[in-house]
Every structure is written in structure tokens, then in C-alpha cells.
Amino acid sequence: MFEIDGKSYALKYNMDRVEMIENSIGMPTIAELYSHKGMLSLSALKAYLAHGLKEEGSDSFVPVKKGLEMAKNLIQNEGYTNTCGAVVEALERDCPFFFREN
């Protein structure tokens with residue numbers, strides 16, 4: 001969870017949301033994670049944040065344009081490693097099908 005301008009935001013993903021992200025960055029999620037040993041490129045990290053942010057208690061996602069602005073601030077304020085870790089953790093929680101071995 002992140003706090004921005006006094007509001008709490010959470011990251012939420014589902015198959016449709018991830019598909020939108022993959023289309024915007026031009027790379028499958030797992031390929032991005034494995035090619036960089038579990039880390040996302042900066043442009044991919046911004047896309048995952050922008051598409052996955054929801055205000056706590058809201059059913060709708062933050063508009064992507066606003067989410068991109070928020071993503072830049074999050075990365076600068078929280079740090080790249082912490083922000084990337086939060087995205088990967090949310091993906092593991094919300095999209096476990098990516099991480100199944102069998």
C-alpha cells in the first residue's frame with residue numbers, strides 16, 4: 001500500500017489488467033521478470049504501477065495517465081527497489097498462475 005497526497009492506494013492485478021500492461025510495454029510479464037532476475041525495467045515498472053493503482057476502498061482503477069504521474073513520484077519517493085518489490089508481490093498475490101511450476 002502507498003500513500004499519495006493523503007490517500008491510500010493499493011496495487012491490484014488481474015489477467016485483463018496484465019494483458020493491457022503487456023500490450024503497452026510489448027513484452028510478456030514473465031519474460032520481463034526472468035530477463036532481469038525478478039526486476040522490471042523502469043518503463044515497465046511505471047506501466048505496472050500506472051495500470052495497477054486503485055484508491056483504497058475503490059472498485060475502479062486510477063486513470064492510466066494520472067497513474068503514470070503517480071508512478072514517477074512513487075519511484076522517486078519510495079525507491080526503485082521497494083516499488084518494484086511491491087509490484088512483484090502484488091502480481092504473485094493476484095496472478096499466481098504466473099508462478100506455478102506445474
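Let me begin with His51, whose place is in helix α3, where helices are DSSP runs of H or I with at least four residues and strands are runs of E with at least two, numbered from the N terminus. Please keep in mind that this is a predicted model, in which local features need pLDDT of at least 70 and side-chain atom pairs count only at pLDDT 80 or more, while totals for chains, interfaces and linings use all residues. Residues are numbered from 1 along each chain as its sequence is written, and side-chain values use heavy atoms, with hydrogens and water left out.

His51 counts as buried because its relative accessibility is 9%; buried means under 20% relative accessible area, exposed over 50%, and partly exposed in between, with a 1.4 Å probe and protein chains only. Its side chain reaches the backbone oxygen of Ala47 at 2.9 Å. Setting aside neighbours within four places in sequence, His51 is in contact with Arg17, Met20, Ile21, Ser24, Phe61 and Val64, contact being heavy atoms within 4.5 Å.

Now to helix α4, residues 64-78, which has 15 residues and reaches 20 Å from its first C-alpha to its last, close to the 21 Å expected at 1.5 Å a residue, the expected span being 1.5 Å times one less than the number of residues. Which residues of α4 are buried? They are Gly67, Met70, Ala71, Leu74 and Ile75, and, seen down the axis of α4, the buried residues fall within an arc of 140°, so they line one face of the helix; the arc is that of the directions from the helix axis to the C-beta atoms. These buried residues pack against β1 (2-4), β2 (7-11), α3 (42-52), β3 (53-55) and α5 (80-94), whereas the face turned away from the buried side carries the exposed residues Lys65, Glu69, Gln76 and Asn77. Just after α4, Gly79 takes a positive phi of about 95°.

That brings me to backbone angles elsewhere. Most residues other than glycine have a negative phi. Asp5, although not a glycine, has a positive phi of about 50°, and this residue is found in the loop between β1 and β2, where Asp5 counts as exposed because its relative accessibility is 79%. Lys37, also not a glycine, has a positive phi of about 55°; Lys37 lies in the loop between α2 (29-35) and α3, and counts as exposed at 80% relative accessibility.

Technical notes: A polar contact is a pair of N or O atoms within 3.5 Å; within protein, one must be able to donate a hydrogen and the other to accept it, and residues adjacent in sequence count only if both atoms are side-chain atoms.
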